[in-house]
Each structure stands twice: as structure tokens, then as C-alpha cells.
Amino acid sequence: MLKLTRNKALAVSVVGINLVALTLPFAVAADTQTTDTTINLTVNPVIISYSSGPTVTLGAITPDATGKQSTNSDTVTADTNDTAGFTVTLKETSATVTDMVSGANTIATGAGTPAAPATLPNNRWGWRVDSLASFGAGPGAVISNAAPSAIIYAGIPANASPFTIKTTASTGSASTTVWYSARVSSAQAIGAYSTTVTYTITTT
């Protein structure tokens with residue numbers, strides 16, 4: 001049997017105390033993690049639009065050799081949430097004709113343009129927007145079966161070549177009044193004549 005001296009026994013005892021100390025529990029530190037989530041939303045541009053139409057009535061004309069003229073207006077309004085605004089264009093709806101039509105008979109569109117509008121000759125029809133392009137400050141005015149007017153007009157643009165009648169550059173609402181007129185003489189065949197135009201509103 002091994003005999004320990006006093007010095008050796010003390011050494012063993014000290015080692016035992018150290019082992020017990022190593023088994024005591026450690027203090028636990030709190031841990032925090034963060035993570036971010038981005039919420040995305042896209043608001044698309046929209047347009048609300050309307051016309052005071054859908055019919056502009058020029059009424060009835062009883063023509064004579066000199067010619068009689070009728071004029072009336074339509075107002076197109078648009079409202080958008082697009083900060084870039086919108087444009088409004090005008091064109092003939094038909095892809096093949098720009099005439100007012102009654103059966104086989106027609107009233108041709110005028111020869112004027114927005115850059116060079118002109119008074120309507122007999123048996124022609126046209127449009128204008130006061131103060132736009134070269135139309136000059138109006139006012140356009142409602143007339144019915146009246147003597148020929150000195151107000152100048154343009155022929156309706158063809159379906160493939162719309163003309164811009166309004167441009168905006170911000171959100172909100174804007175309106176444009178378009179005047180339509182026809183002048184006929186007694187050489188024009190009787191009938192109920194009509195044509196259709198198209199306004200196109202597009203966000204910029």
C-alpha cells in the first residue's frame with residue numbers, strides 16, 4: 001500500500017478543489033439579432049376622361065347659293081394621377097374617310113390645317129380650338145343656319161395622323177373645348193350627315 005507523506009497528500013487535495021471549481025456553471029450573455037423587410041407598392045398611372053358629347057349637334061341648315069353655316073362645341077376633360085401629366089389628341093375615327101357622310105353623299109373636310117387654318121368654303125366642315133396653334137384667340141361661338149362665319153378652321157386629321165390638342169405636365173384635371181362647324185350651299189344634296197372623331201388621352 002502506497003503511503004503518502006503530508007506534503008503529497010496536500011497536493012492531491014488542492015488538485016481536487018480545482019476540479020470541482022471547473023464544473024461550476026458559466027454566466028450566459030443575452031444575444032440579439034435584427035432583420036429588415038422592405039414593403040414595396042407600385043401605383044400605376046390612371047386617366048379618368050369624358051367628353052361633353054357623345055354627340056355634337058350642328059342642327060339643320062336650309063342652304064342658299066351663298067351658303068349657310070352652323071357651329072357647336074364639345075368639351076373633352078381628363079384627370080390623371082401621373083405626375084408627368086397627359087396629352088389629348090384628335091383624329092377622324094374612320095381609317096378611310098374624313099368626310100361627313102349621308103348615304104352616298106358627302107361633305108368633305110376643310111383644307112385648312114392647325115398651322116394654316118382657313119374659313120370654311122361651301123360644302124366643307126372643320127374644327128378648331130381657340131388659341132391653339134394658329135387658330136388665334138376665338139371666341140368660337142355657337143351659330144345655327146347662319147350667314148358664313150369669318151372664324152377659321154382646320155380639316156379633321158386623318159386616323160393615322162392625330163393632332164395634339166392638349167398637353168399637361170402634372171397630376172390633375174384639364175379641359176379643352178373643340179369647336180366643329182359645317183357650311184353648305186344649295187348645291188349640297190339633302191340628307192342627315194354625320195362623322196365620328198376620336199379623342200385619345202395618354203399619360204406622358
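These are my notebook entries on what I looked up in a predicted model.

**Ground rules**

I number residues from 1 along each chain as its sequence is written, and because the model is predicted, local features need pLDDT of at least 70 and side-chain atom pairs count only at pLDDT 80 or more, while totals for chains, interfaces and linings use all residues. Side-chain values use heavy atoms, with hydrogens and water left out.

**Entry: strands and their partners**

I took strands as DSSP runs of E with at least two residues, numbered from the N terminus (helices would be runs of H or I with at least four). I called two strands paired if DSSP finds at least two bridges between them.

I began with β2 (residues 68-80) and β9 (residues 172-184), which pair in the antiparallel sense over 13 bridges; here V76 stands opposite T176 of β9. I then found that β9 also pairs with β6, again in the antiparallel sense, over five bridges, and that R124 faces R183 in β9.

Which way do β5 and β6 run relative to each other, parallel or antiparallel? I noted that β5 and β6 (residues 124-128) run parallel and are joined by two bridges, with A108 opposite R124 in β6.

On its other listed pairing, β5 (residues 105-109) meets β4 (residues 100-102) in the antiparallel sense over three bridges, and S102 has N105 of β5 as its bridge partner. Two residues lie between the strands of this hairpin, and G103 takes a positive phi near 60° there.

**Entry: the nonpolar core**

I next looked for a nonpolar core, meaning a set of buried Ala, Val, Leu, Ile, Met, Phe, Trp, Tyr and Cys residues joined through side-chain atoms within 4.5 Å. Buried here means under 20% relative accessible area, exposed means over 50%, and partly exposed lies in between, with a 1.4 Å probe and protein chains only.

The largest such core has 24 residues, of which L90, W127, I165, V178 and Y199 touch the most other members. The elements giving two or more residues to this core are β2, β3 (86-92), β6, β9 and β10 (197-203), and the largest share, five residues, comes from β9. I kept in mind that in soluble globular proteins nonpolar side chains tend to be buried together.

**Entry: the largest pocket**

I searched a 1 Å grid over the protein atoms alone for a pocket, an open set of points where a 1.4 Å probe fits, with protein on both sides within 12 Å along at least five of seven lines; lining residues have an atom within 4 Å of a point. The volume is the space filled by probe spheres set on the points, which are joined across faces, edges and corners.

The largest pocket has a volume of about 750 Å³. Its lining has 30 residues, and V56, L58, M100, Y193 and S194 lie nearest its centre. Which strand gives the most to this lining? I found that β9 does, with four residues, while β2, β9 and β10 each supply at least two.

**Entry: backbone details**

The peptide bond from G53 to P54 is cis, with omega near 15°, and P54 sits in the loop between β1 (47-51) and β2.
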